[in-house]
Amino acid sequence: MSSKIARIDLVSSHPEVYEPCDDSFALVDALLSDRTNLLDFHPRLCMEVGCGSGYVITSLALMLGQETTGVHYIATDINPHALQVTSETLKAHGVHAELIQADIASGLEKRMAGLVDVIVVNPPYVPTPEDEVGQEGIASTWAGGENGRRVIDRILPVADRLLSHKGWLYMLFLTSNNPSEICLQMKDKGFSARIIVQRATEEENLLVIKFWRDSPVQADTNGMVTTTKTEPFMAMGSLGSLFSRLSFWRSDNSSC
Amino acid sequence: MRLLIHNMLSSNIKGVINGFPLRIEVDKVEEKQVDFDAAFLRKMFHKIEWKALLDAALTLGYAELPEEAPDSSVLESDEFLQKFHHALLELDLEEGALVCPETGRKFPVTKGIPNMLLHEDEV
């Protein structure tokens, strides 16, 4: 298999599993545009939270290679159908990931803390009424509650916990998720942020943001967390101007 | 489910203090060939709980691992690395369950996928 990303015609499907759409393509494009850095980074463990159809984790595995290059993949989803579909998608492309049915990373947080080099997430980001979050069925793949942040705000601390000291997180957001606020919160945890992909579809303004640990964060004896290095936060200025630009910018991408 | 994952999973049921390692109940094991990568094994060696891996491998029918937790000098031995590789990555629990050591609650493993979701009263 020489192609660098998953083939849509080989992606399996199920009525209760989210099919690859503009957001999935934006995330894979972001990974592809950062592929050279990823190959230099040489991650050992890569993980996708909420793998859905398996399009993203399969693409990542095709981009970075499998065991011969020493990269191992783990994917979780809360929906058993999604894991079955992901398993079929991986198999159709001749790649492997370990699959776990979990709520974000339940069961893994203790022992896998600090071990994951790359995490990718396309979260349920659509602003919805709170009571639609976490319902069974396909709605759980997009329902994000107020500002679309309910699940996002649960994932970020887990990602912080699982990522290795040099770990990277790629996450997809809508502009209405208030990503500049998220970047500030992540800055407090010692992460820098950069927008990798920005894309306006007919319905959504999508952003893929890469977070990486920049300043070593140390806990002192009182348990207070202090950041030892304070570099200017490069992405913030550009984020502000980007959001104002995005609201005027429409691409001719068609929606799914 | 490879034993690498078994070594990373613990029971996170509310109130459980020591949820690791999960005991394995076997219905079906498969052996799958995986490309050997010494660098990955050397890195993971320090993260692996030896006793948990040893017991899990025994449960899955593989008895070639040293009983005592080896020190890192073994990482120069190709023979050791091959055995470690086989136990960690090539033994696959296809069907069975992972059992919480404290409560006995079973997390089923179906088609190689462990279900770590908790019930409402366990969160």
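This is a predicted model: local features need pLDDT of at least 70, side-chain atom pairs count only at pLDDT 80 or more; totals for chains, interfaces and linings use all residues.
**Exercise 1. The chain as a whole**

Task: State how many helices and strands chain A has, and what share of its residues is buried.

Solution: 
- Start with secondary structure. Chain A holds seven helices and nine strands.
- Turn to burial. Of the 256 residues in chain A, 54% are buried.
- Look at the contacts with a separation of 6 or more. Residues 24 or more positions apart supply 73% of them.

**Exercise 2. Helix α6**

Task: Find the buried residues of α6 in chain A and say how they are arranged around the helix axis.

Solution: 
- Locate the helix. In chain A, α6 covers residues 179-188.
- List its buried residues. They are A:P179, A:S180, A:I182, A:C183 and A:M186.
- View α6(A) down its axis. The buried residues fall within an arc of 155°, so they line one face of the helix.
- Step past the helix end. Just after α6(A), A:G190 adopts a positive phi of about 95°.

**Exercise 3. A:N79**

Task: Is A:N79 buried or exposed, and which backbone atom does its side chain reach?

Solution: 
- A:N79 sits in the loop between β2 (72-77) and α4 (80-92) of chain A.
- Apply the cut-off. Buried means under 20% relative accessible area. A:N79 has 9%, so A:N79 is buried.
- Follow the side chain. The side chain of A:N79 reaches the backbone nitrogen of A:H81 at 2.8 Å.
- Check the neighbours. Leaving out residues up to four places away in sequence, A:N79 touches A:E16 and A:V17.

Note on methods. Residues are numbered from 1 along each chain as its sequence is written. Chains are lettered from A and ligands numbered from 1 in the order in which they are written. Side-chain values use heavy atoms; hydrogens and water are left out. Buried means under 20% relative accessible area, exposed over 50%, partly exposed in between (1.4 Å probe, protein chains only). Helices (H or I, at least four residues) and strands (E, at least two) are DSSP runs, numbered from the N terminus. The arc is that of the directions from the helix axis to the C-beta atoms. Contact means heavy atoms within 4.5 Å. A polar contact is a pair of N or O atoms within 3.5 Å; within protein, one must be able to donate a hydrogen and the other to accept it, and residues adjacent in sequence count only if both atoms are side-chain atoms.
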